[in-house]
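Please examine the sequence and the structure before reading on.

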There are 2 protein chains.
Amino acid sequence: MSPASDNMIEMQVDVQQILRDGVERTDRALERLLPPVTQTPASIHGAMRHSVFAGGKRLRPVLAMEAARTIETAHGGSGLPEGNEDLGAAIEMLHTYSLIHDDLPALDNDDLRRGKPTCHVAYGEATAILAGDALQTLAYQTLAGMHCPAQQAVKIVGLIAEATGTVEGMIGGQVLDLEGEHTKPTAESVLAIHRAKTGALIRVSIVAGGIYAGAGAEDARRLTEFGTKSGLAFQIVDDVLDMTQDSQHLGKTAGKDVASDKATWPAVFGIEASRKDANRLINEAFVALEPYGEAAAGLKAVARYLVERTH
Amino acid sequence: MSPASDNMIEMQVDVQQILRDGVERTDRALERLLPPVTQTPASIHGAMRHSVFAGGKRLRPVLAMEAARTIETAHGGSGLPEGNEDLGAAIEMLHTYSLIHDDLPALDNDDLRRGKPTCHVAYGEATAILAGDALQTLAYQTLAGMHCPAQQAVKIVGLIAEATGTVEGMIGGQVLDLEGEHTKPTAESVLAIHRAKTGALIRVSIVAGGIYAGAGAEDARRLTEFGTKSGLAFQIVDDVLDMTQDSQHLGKTAGKDVASDKATWPAVFGIEASRKDANRLINEAFVALEPYGEAAAGLKAVARYLVERTH
């Protein structure tokens, strides 16, 4: 359901249509870019597709797409720059590789994701490790083949690699999360983990989308600020939904003690304060987009949807 | 020891000096590019450095460097194009990531490499998986930051990703090798595994070195042919040395049955025929470099050294 909103600009945008369109474009690109299961060696291509087509919502590609639309429109163009779905597909490959490796027995040891067997359960550990590796590789092959000027492509490759690396990037966040598993989370540790583990890839999806559409340094600065704040807001909402949904499953009252040693926002600040923080952050994030006026309507609508969703 | 050679061009080149120089340049670049162990999260940076600085011979960076020198010299320049050691460092990161993941318990389950504990033995499996991931990521960050025109950088990123991917690339070769572990190798299966698992990265090191120095399509075609044939020759020599050295360790006679279910060249063709194949391939490879005359002397000297080495 699209959430009610009194923002006139957002009301002109059909967020459900944007999300559906984003999923369709991204899935078509992924279908084209991933080797078919008939391609030797078949096992790894089956494993890659198993995890890539496991029902992901393609939120990062949608954010990249709407950021691209914002910059394209603000620069006097109309709609989406051609071929931008390959950027979204590459980002989704990186997101999926991180999930496959995170689920491995040596890391989180998860058997199920979205109700389906995880990659190593379905294909064995060796193939799952290599399938994750291969999705990272294919992501960069895809970025190198994008239909945009080489200078933009190189810039995007560098920013995405940085955002998924060890220094305040996705892998660094995974390490911090693993290392902190048996210690009580603090405001500082949760902020550092969220910024790195999930925040950096969300932020760079938005910035890279803008660069694909020709964003200059000032655009990139605005999108970075928007992406940093909204990315943290999305994760806080995720944390709240995880906790309240877990509680429903467990038949217990939602609350701080349910997940007190997980590095989540509500574990540190409580559920009500977390909801307020998410709303405050998204409003602050919107300030960075003010210079774009209506050109940012789609991007803002998707962000508003993500913090107001209830499942 | 530098092998004796009656080739006049090669005799003018000090191959040991080239190799020493290549190791030094590559190690300096790696030292600069890898985050220090004092950088948070420290464990993963320690693990990355543990494996990157485990005594590798930096053969792929040396080949990239000499290919760059060949093209630079042939195009009227002198010596090495500036900053080309970052290309070699990125290739070495990719090589190292593949070794870390190959050594994992779910894959080859090796405890030692070059007499040192493998990454997962020293740092645990979770950190080793993420350290391999991070080396792949840092390789692309490094390629995106190279001091060369963006079009060359994008081309290099695309070619390297393809050569390390699943379709006739490094990961594909690892899968074929794992899948073939319990079946007797055939000429066809060994060729497919060698071409993909080790050949593709060696070939692309040479081609990427050339592109870094401004290689055109015709140069790239020649370097591809040279790299494909010499890469296979190097792997055949590796196989022969592994077998004869293993035999010495085991106190057994070297021969076909020692490693009859490993996918090696001598396991299929025998040791003597393998040595002949390596020599034939390297001579064929040299034909592709004839148009460069003396400009290719360093590249040929390194290749000759690699097939004539005895340890």
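## The contact between the chains

In this predicted model, 42 residues of chain B are in contact with 42 residues of chain A (contact: C-beta atoms, placed from the backbone, within 7 Å). On the side of chain B that touches chain A, α3 (42-52), α7 (125-144), α8 (150-163) and α9 (170-179) of chain B each supply at least two residues; helices are DSSP runs (H or I, at least four residues), numbered from the N terminus. The most comes from α7(B), with 12 residues. By class, this side of chain B has 23 nonpolar, 15 polar and four charged residues (nonpolar: Ala, Val, Leu, Ile, Met, Phe, Trp, Tyr, Cys and Pro; charged: Asp, Glu, Lys and Arg; polar: the others, Gly among them).

The model is predicted: local features need pLDDT of at least 70 and side-chain atom pairs pLDDT 80 or more, whereas totals for chains, interfaces and linings use all residues. Residues are numbered from 1 along each chain as its sequence is written, with chains lettered from A and ligands numbered from 1 in the order in which they are written.

## The symmetry

Chain B is superposed on chain A by a rotation of 180 degrees with 0.0 Å of shift along its axis (RMSD 0.0 Å), fitted by least squares on C-alpha atoms of residues with pLDDT of at least 70 in both. This is the relation of a two-fold axis.

## A helix pair in chain A

Helices α4 (residues 59-74) and α5 (residues 84-102) of chain A pack at about 150 degrees, with their axes 8 Å apart. Therefore α4(A) is roughly antiparallel to α5(A) (angles over 145 degrees).

Note on methods:
Axes fitted to C-alpha atoms, helices over the stretch in contact; angles between N-to-C directions. Parallel < 35°, antiparallel > 145°, perpendicular 65-115°, else oblique. Contact = placed C-beta atoms within 7 Å.
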